[in-house]
Amino acid sequence: MTAWEMLAVFAAGVGAGAVNTVVGSGTLITFPVLLAVGLPPVTAVVSNALGVIPGSISGAIGYRRELRGLRRLLLRLGLAALIGGLAGAVLLVTLPANAFDKIVPVLVGLALVLVLLQPLLSRKLRERRRDTTSGPPRPDGGPLLFAGLMLASVYGGYFAAAQGIIYVSLMGLLLDETLQRLNAIKNVLAAVVNAVAAIFFLFVAHYDWTAVALIAAGSALGGHAGAALGRRFSPAVLRALIVTVGGLAIVHLLVR
């Protein structure tokens, strides 16, 4: 990489760390940048998965206050994330590379749709919470939440973009917790998926250590900043950034 390319990857890591902590779509920032500096798609995904771990961890630590009293729930849901994340990582390295080239533009498009629909999903969740005719959700979300999060984690281990939005939507429907606490749980689950996928990739996949190191350093800073300033960020600005960068990623993938 040139010096400018390294700076771009580092900056993308900072942005991804912050966005992952607050919204959960940081891959839509790092992935197109890694493609732009010349990494093949699968190598870009693997390098990104390794690089964002520090950001996921720093974001989860930043929300530790909201995680108090959730140890048992985190262990249960973390198991679902671990199983699903490992399965997604296995799919990434076992499916043919040309299958990935066809699947990823669709996944990016679906992720962008989820980002755009987030305000509507959040409003529906708030309306659901005000519905006094519904019985209280199970404290652990029941088998439906476990299965749903495991499937979302398969997607996360394979590509990861917008998995946090899926997590928050599922948990909001099936858990009786505030959105801030749901966001804190989301950060822990994303960290589990990223970690288990990264450990697997270390032994079986190709990655670019320069990209990994730059994203790791950037995402650690971004994750800390996102946790500290997340409540002050404008969701509209973040959403516009994610959609713009993700749209460029789709164009780049289709014209390669």
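The model is predicted. Its protein chain holds 11 helices and zero strands. Read from the N terminus, the elements run α-α-α-α-α-α-α-α-α-α-α. Of the 256 residues in the chain, 51% are buried. Contacts reach across the sequence. Take those between residues at least 6 apart: 84% of them join residues at least 24 apart. The chain exposes about 11,700 Å², and carbon and sulfur atoms supply 69% of that area.

Start with helix α1, residues 3-22. The helix has 20 residues, so at 1.5 Å a residue it should span 28 Å. The C-alpha atoms at its ends are 29 Å apart, which agrees with that expectation. Several α1 residues are buried: V9, A12, G13, A16, G17, A18, V19, T21 and V22. An α-helix has 3.6 residues a turn, so residues three or four places apart point the same way.

Next comes helix α2, residues 27-36, where T27 lies. T27 has a relative accessible area of 6%; the limit for buried is under 20%, so T27 counts as buried. Its side chain makes a polar contact of 3.3 Å with the side chain of N48. What else does T27 touch, leaving out residues up to four places away in sequence? Besides N48, the list holds N20, P32, F159, A160 and A161.

Move on to helix α5, residues 71-94, and find A81. Its relative accessibility is 1%, so A81 counts as buried. Which residues does A81 contact, leaving aside neighbours within four places in sequence? They are S153, L189, V192 and V193. A190 is 109 residues away along the chain, yet the C-alpha atoms of A81 and A190 are separated by 7.8 Å.

V93, I199, L202, F203, V204 and W209 make a nonpolar patch of about 630 Å². Which helix gives the largest share of this patch? Helix α9, residues 179-204, supplies four residues. W209, another member of the patch, sits in helix α10, residues 209-229. Is W209 buried or exposed? Its relative accessibility is 52%, and exposed means over 50%, so W209 counts as exposed.

Set the residues side by side to close. T27 in α2 and A81 in α5 are buried, at 6% and 1%. W209 in α10 is exposed, at 52%.

Note on methods:
Residues numbered from 1 in each chain as written. Predicted model: local features only at pLDDT ≥ 70, side-chain atom pairs only at ≥ 80, totals over all residues. Heavy atoms only, no water. Patch = residues over 30% accessible without salt bridge, like charges linked within 9 Å, V, L, I, M, F, W, Y side chains within 5 Å. Areas by Shrake-Rupley, 256 points an atom, 1.4 Å probe, with all protein chains shown as cover. Salt bridge = Lys/Arg side-chain N within 4 Å of Asp/Glu carboxyl O. Helix = DSSP H or I, 4+ residues; strand = E, 2+ residues; numbered from the N terminus. Buried < 20%, exposed > 50% of the residue type's maximum accessible area, 1.4 Å probe, protein only. Expected span 1.5 Å × (residues − 1). Contact = heavy atoms within 4.5 Å. Polar contact = N/O pair within 3.5 Å; in protein donor to acceptor, adjacent residues only side chain to side chain.
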